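Open the model in your viewer and keep the selection panel ready. We will go stop by stop.

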Amino acid sequence: MPRSVLVVDDEPNILLCLEFLMKKEGHDVRIARDGEEALAEIRKSPPDLVLLDVMMPKRNGFDVCEAIRANPEWKDMRVVMLTAKGRDIEREKGFAAGADDYITKPFSTRDVVERVNGWLGVARA
Amino acid sequence: MRAGVAIAIILGALSLVAFTLAGIAVWQGAGDRATLGAFLSVAFVIVLALAAIAFGLFSTRLLRPLTHLRSELSMRAQTRVDRPIEVAPGHWLEGLPGAAEALRKALQTARSETEGVVTAATRRAEEQKSHLEAILLDLSEGVIVCNLAHRILLYNQAAVRILGAPDALGLDRSLFALLTPEPILHTLELLQADDDLKGADSDAVSASRGSAGDGVTRRLVCGTVDRESLLQARLGLVHESSGAVSGYVLTFADVGGDLESLAQREKLLREVTQEWRRPLASLTAAAEMLGEHESLSADERAQLETVVGKEVRAINQHFEELTRRYDRLAAGSWPLADIHSVDLFQVVSRHLAERDGLVVTPVGVPVWVFADSHLLMLALEHVIRAIADYTGNRAFDLGVVPGRAHGYVEVTWSGDAIPSTVVEAWLVEPLPGAVGNRTLRDMIEQHGSELWSQTLPEGRACLRLPLRAVERAAHPAPAGERTERVPPWSEFYDFDLFRGSSEAFNEAPLRKLTFVVFDSEATGLRPNEGDELVSIGAVRVVNGRVLSGETFDRLINPGRSIPAATTRIHGITADMVRDKPPAPVVIAQFKGFVGDAVLVAYNAAFDMAFLHRGAKAAGIAFGNPVLDALLLSVYLQDDISDFSLTAAAGRMGIEVVGRHTALGDAMVTAAIFVKLLDLLEAREITTFGQALRISKWMMEQRRQEADLK
């Protein structure tokens, strides 16, 4: 059964790239351009994994992550944060907000794919 | 003419006259020549005898005493002799010796007074000199004072450091063996000219000086003789009270570090602007080719794509490296310093209590962190006030949770975590009282930190701020320290240690009790064989929290010598306890601190033995219930062999600071004890009575083991 992934990023190029990648891996992909769109999409139909950018207008990644974790129905939803800040401390902040994983930009696309597949429990095709 | 000669002549003349007169009288009266001759001879002899006697008397009663007095007086004039002037009695000098002695005494007094004044003045000068030296020592700028012959009169430690401890830097050495003379001589000339003008026309003086000086000093750049460094310096003239110039003062700062960091930044920027042109150029070219030319062959396409991939990877790598270097640079240039957490937290606590009526309790083991003290204090106060406003809470705990590379400053309260949007909003507010209107975000950036809120178990929440932890040189373990500080079973174990308490107390839940965890240091390991306490340290634990702001820390005069072996362990010397009170006094104070809390120690029997003895001497009784953290941990982890305090702390991830100081060990024991409470709870031991039973049982076990040995 194909897994569903929601990609959230305000950077159109990144969005394009990641959407393409996830489709290639055979996942069901949806996109959102900011935090509010993301939560709307999640409410419509909860995905298995959310690729969540941190620096976004309206509601940032931490906020969205907290909102996701605040809902017990979504406790199995995986949240992988993408961020432009690379220090160890930022990772901890992400985990404190409830993220499952944390990827720094610029990232290697291969790395993203591996991690996503890993969290979804899918062996590499 | 000498007095003796004069008197002799006078007496002789008198005798002659008398003799002649007598002769004339006889010649007139007597006719017979023979009787006349006989009479004259007799008269002559008599007169001579009289004269001799008179001379003798004058000599002994007048001449000799006068000579004696003269030599005494001249001796006193020439050197200092404190023996009184005395003339043998029986002289005809009347009050002259007395007057001479009075004069001598006056001279002696005057001399002593002068000496006293000179000594006092010298001492004052010495004091001033040592004050000056102390100030100079403390300056971070190098200071060298020279006389007009360019000989060094004074210099400070900073000068030695900045100049790299050269051999040529010493008193009475020439300054020009260290620094090149031309800039200094030139500046001295200018300063002298200023000086001369000062009396004349002050406007002309300030005009000529411009921006190079401030009226008293002039800036200059001088070089070291070995041409290794350039120093930015200031030169000022030293004037005597008369106004004449007696020397000059040269001050210079160590700008090496600042310049270095500036240079590094320049380098970083330059690298980006210069080094990245090339890869960006090839990237641009390849990308344009791929984008705009559809007529590329598959091969060509593949080649260009490889170029793009390669250059992008290279730029990425370089970028990561730059980021790392920048992070390191950024951290180094702010005025951060080592801060002792509990000191800062107590200040924060006091401020918030006084100004906002909030209760902030410092908890946890104190640690050292690296931060800007003032800014951190402002940030914490601001944040706690904001949390209070948002959640309505009035009580908070403030502590530092040690992590791998960071210490996490944590504000804890009962309630929910704060949403990240709210925390974000706080970040942009300027901190009241911060220099330059710095915001919370500025403070966080400056410390390379972050701020977030988290939920904690049991309905609590916290706000975390990671700070760089500091590796403080731990109290060095003395050579040959025994790994097990626990003494072998010995007679002083007191079976009454765990005497039962009231039924009601036994039912009391451990979590709700107030404990005072304490540790003592002593002159040795035998409380009943002459060893005495030298210090007691303690900390209060309430509701499972270590209140690092409520401590007891006292040195004790043991009333006996402190063996060098024990001083090596606890660092307490006879000097340190010389004017400290004896054990009974301190123990009475300790009793006041403890109240009726439960006493906890690591290997309690040892500490309690000392405590009971001292209490008896003070006439008070320590009726408090006692628990032993060592016995409890033996019960919980009986498969482990090393139960020294350091090992137990290490197992529980507790940072050991101040090992072998009474307060330090008490803090560590308290942290261990709090964790033990958790472990006990996991084994369903929750009341005091249960803990007491276990302690008795463990003690019995250890006694049996010891008997078997």
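At 47% relative accessibility, does Lys105(B) count as buried, partly exposed or exposed? Lys105(B) counts as partly exposed (buried is under 20% relative accessible area, exposed over 50%, partly exposed in between; 1.4 Å probe, protein chains only).

This is a predicted model: local features need pLDDT of at least 70, side-chain atom pairs count only at pLDDT 80 or more, and totals for chains, interfaces and linings use all residues. Residues are numbered from 1 along each chain as its sequence is written, chains are lettered from A and ligands numbered from 1 in the order in which they are written, and side-chain values use heavy atoms, with hydrogens and water left out.

Glu101(B) is buried, at 12%.

Next, select Asp356(B) and Arg385(B). Their closest N and O atoms are 2.9 Å apart, in a salt bridge. The two residues are 29 apart in the chain.

Move to chain A. Asp63(A) and Arg59(A) form a salt bridge at 3.1 Å. Asp63(A) is buried at 7% relative accessibility, while Arg59(A) is partly exposed at 26%.

Now show both chains. 12 residues of chain A are in contact with 19 residues of chain B (heavy atoms within 4.5 Å). Two salt bridges join the chains. Select Lys93(A) and Glu424(B) for one at 3.9 Å.

Methods
Salt bridge = Lys/Arg side-chain N within 4 Å of Asp/Glu carboxyl O. Helix = DSSP H or I, 4+ residues; strand = E, 2+ residues; numbered from the N terminus.
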